[in-house]
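Let's take a walk through this model together, from the overall fold to a few local details and then to the way the chains meet. Keep the viewer open as you read.

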Protein chains: 2
Amino acid sequence: MKGVDIQAVKRADTQIILSNTYHLMLRPGGKYIEERGGLQKFTGWNGPMLTDSGGFQVFSLGSGDYISELKNRYHAGRSGGQGGIAKVTEEGVICKSYYDGAMFHLTPEYSLELQCQLGADLVVVFDECTPFSNEYNFTKQSTDLCHRWAQRSLTAFQEQRKSHQGLYGIIHGGIFPELRKESALFNNDLDFFGQAVGGSLGQTQMQMEEVVATAMAHASKDRPTHLLGVGKISDIFMGIKYGIDTFDCVHPTRIARHGCALVKRIFNNHATREHLNLKNTVHATNDRPLEDDCGCQTCQNHSRAYLHYLITARENIVINLLTVHNVHFMNRLMQDIRQALQDHTVGDFELMYL
Amino acid sequence: MKGVDIQAVKRADTQIILSNTYHLMLRPGGKYIEERGGLQKFTGWNGPMLTDSGGFQVFSLGSGDYISELKNRYHAGRSGGQGGIAKVTEEGVICKSYYDGAMFHLTPEYSLELQCQLGADLVVVFDECTPFSNEYNFTKQSTDLCHRWAQRSLTAFQEQRKSHQGLYGIIHGGIFPELRKESALFNNDLDFFGQAVGGSLGQTQMQMEEVVATAMAHASKDRPTHLLGVGKISDIFMGIKYGIDTFDCVHPTRIARHGCALVKRIFNNHATREHLNLKNTVHATNDRPLEDDCGCQTCQNHSRAYLHYLITARENIVINLLTVHNVHFMNRLMQDIRQALQDHTVGDFELMYL
């Protein structure tokens, strides 16, 4: 995880971490990590781990267009047609390494071979990760391709899996309820350990909620369910309403690198943000921690004033301190939510956080 | 401390840390830290702490010439005569902030006021920190000035000290044995809690040993004694032979930022260096830790191969992991030396380390 060592991740009560197959494929490579005993051992984490399929990064990093499309959420068509580097065929994706410029071919079979080499407990089918689109035919074609790739991923997984590994399918279908339903039912018929809601979740928070609601209405109730790439506090409260179990997102560690800390509403006087910006001089004379009730190493030992000072003095260790807090914050949020689901008090917790 | 959070410093069995008065004077200021409850509280360290006088940095950073002089150890005369920014008068030093360009006047009285505000347990007299010189008259003048400033520092300290604070004098005299003796005797006559060997220690390791030997031959035996700015393993074994108790140096944390780890001779196949360079591809397939017998968090959890990978992937957390090891290494070195002094086995330990 960026900006934090693995022992600090453990001390923050983390239960599972996700690693990116695409980055690891380029450097240091799946075979290299397999020779080192697998990702859990190589990283020193030695605990539950998930790998993604490489699909998101190959589409977002392989073509300069894609990342801006995904981030800005406007439709710019298929990558092949945009002159991007990524070229999509029935077989898979041809892409160029951001590391050394080498061309490579990522297929469902290769993604699963890589993920089996990496050795994470939970692995994911290879999928096409298209930007937002409001064109039905475009989304239908992409969903169908994802289904064919999912079937190939499952076959490859069954041939190569390590005994502790389980495979997640991905429910696609963009913003179209009928496609989401079709994709959920398709996934239900295949022998997956778990399922994820993936692909484009729409342009607005309301569209995302509609997508999640539709997918979850038809998804298997017997499988753990993951919402891919989502991690704002408000999005998590939305997701758990529909039965989402797990989430992944770079948001908590990324905003730490920009000097920001996640805090509950009661510790935040900013009306529309879920975080504090410690660069702000308002924190320079605040001798309280980020959150008065937080048990993380940062809140137990440091004031907002000290964190503000470290930023002004350009001491990079502040990234570590803020990352520790943000990871601890997310883990505690999920602990609170699990407890609240048992106690039927989710609404109370949501008011405290948002 | 650069590259490591204060809890990791504690976990590495650190007993005391040094803070730089000059940097803290410029930003965030002595009064600001006093208002925050002092340095120990502000940093979350809450343990024994030493501040320097600001003398070294005002001379090394105030003038572009000075740092290169000190590092390259050639003589280029007094700063005032070199067109540098620092101007030395009987009163003190006029210098320019590297932070905002403001001019300021650092005097013995102001240095002690700052150090009392910062609130460290051990504080140091303000001194002129000249580069290496083989001119007797130059060194004599500087030593005499340091003595007058030491007397003024002591007076200022006695007026402002917090009850837990103790003051160190500094033995000057450059490479001239008679001046080192004179300075040691001068310090012995003043009411200092401790003493440091400071100023230019010569151009070679042999000159440094002569300087330390002469100073220690005449220094008080009843005071804790510090060797300023020294921290190579070989220099430490030299220093303890003559009765030096404590050392300070950026070396262990600085080389960590350059991808290097301190290791004992038995774990190092490089004949002339005290450290490994983890950038080197020889480490890419080495699944052993930096040192097989090291109890630090990094060695307990990570292989050389993983550290090498983090460097190639430009993951800055590797700085943290290497800093943790290097700080732990230095603390263990000093523990081993203290035990060896009791057991009269220092020679054996030196062979293991060097």
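A compact globule of 354 residues would have a radius of gyration near 20 Å, and chain A, with 21 Å, agrees with that; the radius is taken over C-alpha atoms, and the globule rule is 2.2 Å times the number of residues to the power 0.38. This is a predicted model, in which local features need pLDDT of at least 70, side-chain atom pairs count only at pLDDT 80 or more, and totals for chains, interfaces and linings use all residues. Residues are numbered from 1 along each chain as its sequence is written, while chains are lettered from A and ligands numbered from 1 in the order in which they are written.

Along its principal axes, the C-alpha atoms of chain A fill a box of roughly 60 × 45 × 40 Å. Chain A holds 16 helices and 12 strands (DSSP runs numbered from the N terminus: H or I of at least four residues for helices, E of at least two for strands). Of its 354 residues, 49% are buried, meaning that 20 or more other C-beta atoms, placed from the backbone, lie within 10 Å of the residue's own.

In chain A, three strands form an open antiparallel sheet in the order 3-4-5, where pairing requires at least two DSSP bridges between two strands. Strand 3 (87-88) and strand 5 (103-106) of chain A are the edges, each pairing on one side only. Strand 3 of chain A is joined to strand 4 (residues 93-96) of chain A by two bridges, and V88(A) has V93(A) as its bridge partner in strand 4.

Over in chain B, helix 11 (residues 233-241) has I233(B), D235(B), I236(B), M238(B) and G239(B) buried. Their cover includes helix 10 (205-218) and helix 15 (317-343) of chain B. After helix 11 of chain B comes G243(B), with a positive phi near 100 degrees.

How do the chains meet? The contact takes 26 residues from chain A and 26 residues from chain B, two residues being in contact if their C-beta atoms, placed from the backbone, lie within 7 Å. On the chain A side, helix 14 (304-312) is one of the helices that supply at least two residues, and helix 14 of chain A gives the most, with four residues.

How values were computed. Buried ≥ 20, exposed ≤ 12 C-beta atoms within 10 Å, placed from the backbone.
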